[in-house]
Amino acid sequence: MENRKVISAIVENKPGVLARVAGMFSGRSFNIDSLSVAPTMNPDLSQMTIVTHGNEAVFEQIIKQLRKLINISKVQDLTRGDYVDRELVLVKVKATSVKRGEALRIVEIFRARIVDVATDNLTIEVTGSQGKIEAMLELLSSLGILEVVRTGTVAIPRGRKVSRTGDTGD
Amino acid sequence: MKISGASILLRSLKEEGVDTIFGYPGGAVIDIFDTLARDFSQDFKFILVRHEQAAVHAADGYARATGKPGVCLVTSGPGGTNTVTGLATAYMDSIPVLVFTGQVPTQLIGNDAFQEADIVGITRPCTKHNYLVSRTEELAKTIKEGFLIATTGRPGPVLIDLPKDVVQNKVKFDYPKTIEIPTYRPNVKAHPPSVKRAAELIRLAERPVIYAGGGVITSGAHEELFKFASTLNFPVTSTLMGLGCFPATHPLFLGMLGMHGTFRANMAIDRTDLLLAIGARFDDRVTGRVEEFAKDAKIIHIDIDPTSIQKNIVVEVPIVCDAKDGLSKLIDELKIEGRSAEADDRLKEWHSQLTAWRNQQRLRFDRTSEIIKPQFVIEKLYEMTKGQAIITTEVGQNQMWAAQYYLFDHPRTFLTSGGLGTMGYGFPAAIGAQVAFPGKTVIDIAGDGSIQMNIQELATVVQYKLPVKIAILNNGYLGMVRQWQERFYDKVYSHTDITVAPDFVKLAEAYGAVGLRATKSSEVEKVIEKALETSGPVIIDFIVDRDEGVYPMVPAGAPIKEMILV
Ligand SMILES: Cc1ncc(C[n+]2csc(CCOP(=O)(O)OP(=O)(O)O)c2C)c(N)n1
């Protein structure tokens, strides 16, 4: 069975680390659905959120292979527990005067925002879980989507658990 | 006092106990070579190879033969790219090698400068780790880290790229005594509950087999393995990489397993009820069709690399640890002191089955043939060196016959490219082994194809008076590929005939080495004797039966009990 998996990795903030991670995925033909990287509060470390899918055996390999990379400090499978994941998406949709009302309604339902307006199109900003994003995109597609730009997922464990920076092991 | 990056490099190598460097000069490393000649000529034996690929293989051979890391120094650009095959070879076989490459000055990096190559980018997937040193201040620490990473956990090659200005700049030298890499902590100690579970299975086994791999040699666990197997009376099979980890002449040794394994080893795997895999990784050349591999067995898997576990096969008891630690803990847990009558009784039937398999189908070839059989050459080499030589191999049939017919009783005496299967490995690896052990007999068992891939190293062995012997099993073919074509491709011998070749005797002589030839079986002993008596390097050109094949053979992807026999 193929499942969506969300991995949080704390990596050293050094040149080439992203290439090591990306190269490991491509070299072993693992899937990357999305990957986002940004600094953490500790300037020596960065946080990666990787979304992938595969069966359990493949996923076990992905986690182990990530841990094996020298510059990786901590790897966590967020999908094993409760987590919150969000993605920010910018969507440019056709919005001629006839359709504009419908676009605005969708924006409201999804608590999205309009960040740019032109005579015949609108740019909408939305954040949410993958489910919400997919649902909104589906609705918007009836208006005609001109362009979509997505950040990829970022995720954090729920409750008291933290993906501490600077820790090793799992 | 401030010293240059070049001096820092060489002093750091001394601190690490390095006494031998294999390499090749060039513009980006000219400062290092200059410092080497001026200030360090008494500290290092430098072996100038004739191709950088050979430098890495030689360092790799040195490492395999000694257990110490091998060190290379090459220039930027083509010097670095020429090391790639060597690195990939060492990486696949988990060999500690450090490769230092020159690089263009930091301010030129990215400018497509003369002899610039992104060697860190190129070698990322074929090194355990690699570095571009951007400041001289970081050099000593990086070298310390590099040695730690290369030699610990599951060892592997590390490349350190040195821009020319980093080598030239002067800073204070302070070599760290120890170093911590917080993100790198290999797990070497066995988890006691797993050891307990393994011991329970071991106590109950009726048809046990130990499947030992290169990890036993790497961790120096051969004595523990011997104690474990001989006191429990457990039979042992080994991978190509594991040969020598258990004495091949011991009655408990079943021979190698896998594609060209012995009938008895492969049958034992098929029927075993308890497989103890140690320092092995269930490679496809070992398992054949993986679903059928040891299908009746509970499997215990000891390996230091967590990624090796549950990768190709599902195992009952995984133990992530160093093989030596795992085996010692198992020995303690089982309280093995001597053989027990009860255990002997339990295994009696299994041992008689193993004997029956051996008698049913031994490794064999036509011993009466006047045309030289390649297996005969190896048997003679074994006899005449009393099994005490260090053997390296090229890749192909020569490699498999060497594995089958030379009996390795000691670890670190069989050096072969197992994982990558690199033709051209054997000769430079023999150079590395010979440099480490000048007094030992070192023989490269070669094919006429492979030997031509690093033949230029004849100049190196002549220059440094390294008495390496090269035994070419000359069949005029890329024999192993030809064998596959014969078996599986309707005898369409597409581009595997290499009868257009140099006269290897004259070639040896042209380089200043000795060349000998044997064309019939009766000459084999004589030329080997002559070669072993010769104090310098020798090529022996054995003109062997062109059509001989390596058997048993398990077709790729078939269950390993389905062997083609002859
Ligand atoms: C560098 C490299 N290229 C190609 C191969 C594929 N290959 C495997 S065995 C073999 C034939 C080797 O021929 P030879 O060295 O004459 O040895 P033989 O099999 O005849 O003993 C080839 C081409 C390889 N292993 N390595």
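Before anything else, one term: when I say salt bridge, I mean a side-chain nitrogen of Lys or Arg within 4 Å of a carboxyl oxygen of Asp or Glu. Some housekeeping too: this is a predicted model, where local features need pLDDT of at least 70 and side-chain atom pairs count only at pLDDT 80 or more, while totals for chains, interfaces and linings use all residues. Residues are numbered from 1 along each chain as its sequence is written, chains are lettered from A and ligands numbered from 1 in the order in which they are written, and side-chain values use heavy atoms, with hydrogens and water left out.

So, salt bridges. Searching the whole structure over all chains turns up 36 of them. Take K380(B) and E525(B), whose closest N and O atoms are 3.1 Å apart. K380(B) sits in helix α16 of chain B and E525(B) in helix α22 of chain B, so this pair ties together parts that are 145 residues apart in sequence. Helices here are DSSP runs of H or I with at least four residues, strands are runs of E with at least two, and both are numbered from the N terminus.

Pairing, by the way, needs at least two DSSP bridges between two strands. β18(B) and β20(B) pair in the parallel sense over six bridges, and K469(B) has V538(B) as its bridge partner in β20(B).

Chain B has another open six-stranded parallel sheet, ordered β11-β10-β9-β12-β13-β14. Its edge strands are β11 and β14 of chain B, each pairing on one side only.

Over to chain A, which has four helices and nine strands. Its β2 (34-39) and β3 (45-54) pair in the antiparallel sense over six bridges, forming a hairpin with five residues between them. In β3(A), A38(A) has Q47(A) as its bridge partner.

And how do the chains meet? The contact takes 14 residues from chain A and 17 residues from chain B. The area buried between them is about 1400 Å², with carbon and sulfur atoms giving 51%; that is accessible area (1.4 Å probe) lost by the two parts on being put together, summed over both. How many salt bridges cross the interface of chain A and chain B? One, by the rule: D305(B) with K68(A), closest N and O atoms 2.6 Å apart. On the side of chain A that touches chain B, α1, α2 and β4 of chain A each supply at least two residues, and α2(A) gives the most, with five residues.

That's my tour, thanks.

Methods: Contact means heavy atoms within 4.5 Å.
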